Amino acid sequence: QFFVFCHGLLQLSQLLVSGYLKSSISTIERRYGLSSQTSGLLASFNEVGNTLLIVFISYFGSRVHRPRFIGCGAILVSLAGFLMSLPHFITGPYEYDQSVASMFSNTTDLCQPEVPGSRGNLSDAGCTPYAARENHEVLLVMFIAQALLGIGGVPIQPFGISYIDDFASERNSPLYLGILFSVTVIGPGVAFMLGSAMLRFYVDIDKVAGDDVQLTNKDPRWVGAWWLGFLVAASLVAISAVPYFFFPRQMPKEVGERDFPVVLLRNLRHPVFLLVVLAQVNLSAMVAGLATFMGKFLERQFSLTASLANMIIGAVNIPGAMVGIVVGGAILKRFQMSLRQCSAMCVLGMFLCLLVAFPLLFLGCPTQKVAGVTYSERYRQLQLSWEQGGHSQGCGYPSSPAALLRCNCPEKAYNPICGSNNIEYISPCSAGCRVVNIDADNSVLNYTNCSCISENGFAGFAKPGTCGTGCSHLFLPFVVLSCLAGILASVSHTPSFMLILRSIQPEDKSFAVGIQFMLLRVLAWMPGPVLYGSAIDTTCILWEKKCDRKAACRYYDNNLFRQR
């Protein structure tokens, strides 16, 4: 029972490290200009190191001191967590476009027609060989850290599950595994809650004074302190690793030596084992993609801050999955189910999950009206009417000739504002705004004299920040249905594991669990986030450009994002 407690704590801490990356993925994309495909590859890269070793390590599970191997793996996981935070300390401060000159910017992005051509390429000012090399170094460090995270995680779950099942009674084993899996699910939940807390702090909290930061966490340019959570999570893993070096080996003697290929083929040819693992692959691929990008999805669909999106996932969706796992384990213990009944329970849970999840295809918001991006035709007519009326400021998307020549807009400026006409503009300059009004705290109140925002024939005004998608009434039904679907799907978790553990030969237990996790990594956890990220990238309608390459996506087609 003490081992179950320690292992639950370790798996919670380990998944806190990997889960925290998923909670801060949209922030890291924004900070370092990554596409969803790249961030998806980063999120799944820990499976590479894991996959290369898990089958071989699991094969020797009956021959080694399993608790000490688990402890050594945990130390590697802790090192990986500290490495993940390193890019923050080797890169310069975060820079963003803004309307008031400060330490982050010596220019503004207001409409300034008096100096033609002087600002068009300002966004490329930071595109130096050093800046490009710095970005490559960041990715290299993160990918190495993810590989170490995968290698360190190799012995933790297979050895832990087999160790518990070896020394627990057949009656109590489902309950212990159910408790273990439910505690394990808390890990990503705590990770998202940790992300919610840390992303409220500004990314350079250790480099700049709070008074010098003009952004709030509701601003689309906001980047939170993504690196802080990795320091916390890595420290917890290091502490959780200590007890494992004091557990005894307590292994029963092997009946005889086994041959690796024979045991491998025996398990892969076992129909129950293979079918259950393939079923888990399908479910895990979906979970891997959703866990990585659900926060980003909620941010874009319902105009939430990254902090609030993480709080919802951590406080509602993941605890719901935990409830499902505990209920599944409790039902198994209460009714002492046969393997056939376990299989029926899994099928029923999946079927009900599909029914509940189907409406989610339709619960979401369309993309907000963004001038020159999603709202072109009328915007173009407005621009022409202003030009014909003798106005010379020019309107539109920053790279349009009118905006560049008349307002002298930085070509790649990004500082979204919401016009009094409820249309969003990607910068004050693109809306033709020439005046910014500041409050006592040096924060932007609004922009006025905006020639592209017409109100009764006069220039309108705009407020800083995005207009939002405007369908918050659908958010609660979406959260309720997604949570319920997660509960129903998770009920099958413990029964599916018992199908594997009870259908194979007892001496193959560690090895079979190793094969199971290897197949899950190769077929689900590794490709899942990459496929999701690639699908999400296909819905982007405006990319940020850095050094003439695609960086992070500014705007998505929300309907396509939701459906794909």
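Helices (H or I, at least four residues) and strands (E, at least two) are DSSP runs, numbered from the N terminus. The model shown is predicted: local features need pLDDT of at least 70, side-chain atom pairs count only at pLDDT 80 or more, and totals for chains, interfaces and linings use all residues. Residues are numbered from 1 along each chain as its sequence is written, and side-chain values use heavy atoms, with hydrogens and water left out.

View 1. I75 has a relative accessible area of 44%, so it is partly exposed (buried means under 20% relative accessible area, exposed over 50%, partly exposed in between; 1.4 Å probe, protein chains only). Beyond its neighbours within four places in sequence, I75 is in contact with A241 and F245 (contact means heavy atoms within 4.5 Å). A separation of 5.9 Å lies between the C-alpha atoms of I75 and A238, which are 163 residues apart along the chain.

**View 2. D204 in the loop between α8 and α9.** With a relative accessible area of 0%, D204 is buried. H88, P93 and Y94 are in contact with D204, leaving aside its neighbours within four places in sequence.

**View 3. The open sheet of five strands.** The strand order is β2-β1-β5-β4-β3, with antiparallel pairing (two strands pair if DSSP finds at least two bridges between them). At the edges are β2 (424-425) and β3 (433-438), each of which pairs on one side only. Strand β5 (residues 458-464) pairs with β1 (residues 417-419) in the antiparallel sense over three bridges; here I417 stands opposite P464 in β5. Strand β4 (residues 444-455) also runs antiparallel to β5, joined to it by four bridges. In β5, A462 stands opposite Y447, and G460 is the bridge partner of C450.

**View 4. Packing of α12 against α16.** Helix α12 (residues 306-335) and helix α16 (residues 475-490) pack at about 30°, with their axes 6 Å apart (axes are lines fitted to C-alpha atoms, for helices over the stretch in contact, and angles run from 0 to 180 degrees between N-to-C directions). The angle therefore makes α12 roughly parallel to α16 (angles under 35 degrees count as roughly parallel, over 145 as roughly antiparallel, 65 to 115 as roughly perpendicular and the rest as oblique). Residues of α12 that meet α16 include I312, V316 and G320, and those of α16 that meet α12 include F475, V479 and S490.

**View 5. Packing of α13 against α16.** The axes of α13 (residues 339-357) and α16 come within 8 Å and cross at roughly 170°. This makes α13 roughly antiparallel to α16. G349, M350, L352, C353, V356 and A357 in α13 meet L481, L484, A485, L488 and A489 in α16.

**View 6. Stretches with pLDDT below 50, including residues 251-257.** The mean pLDDT of the protein is 81, and 85% of its residues reach 70 or more (pLDDT is the predictor's confidence in each residue, from 0 to 100). Residues 251-257 have pLDDT below 50, and the model gives this stretch nine contacts beyond near neighbours in sequence. Over residues 397-405 pLDDT likewise stays under 50, and the model has 30 contacts beyond four places in sequence for them. Where pLDDT is low, the predicted coordinates should not be read in detail.
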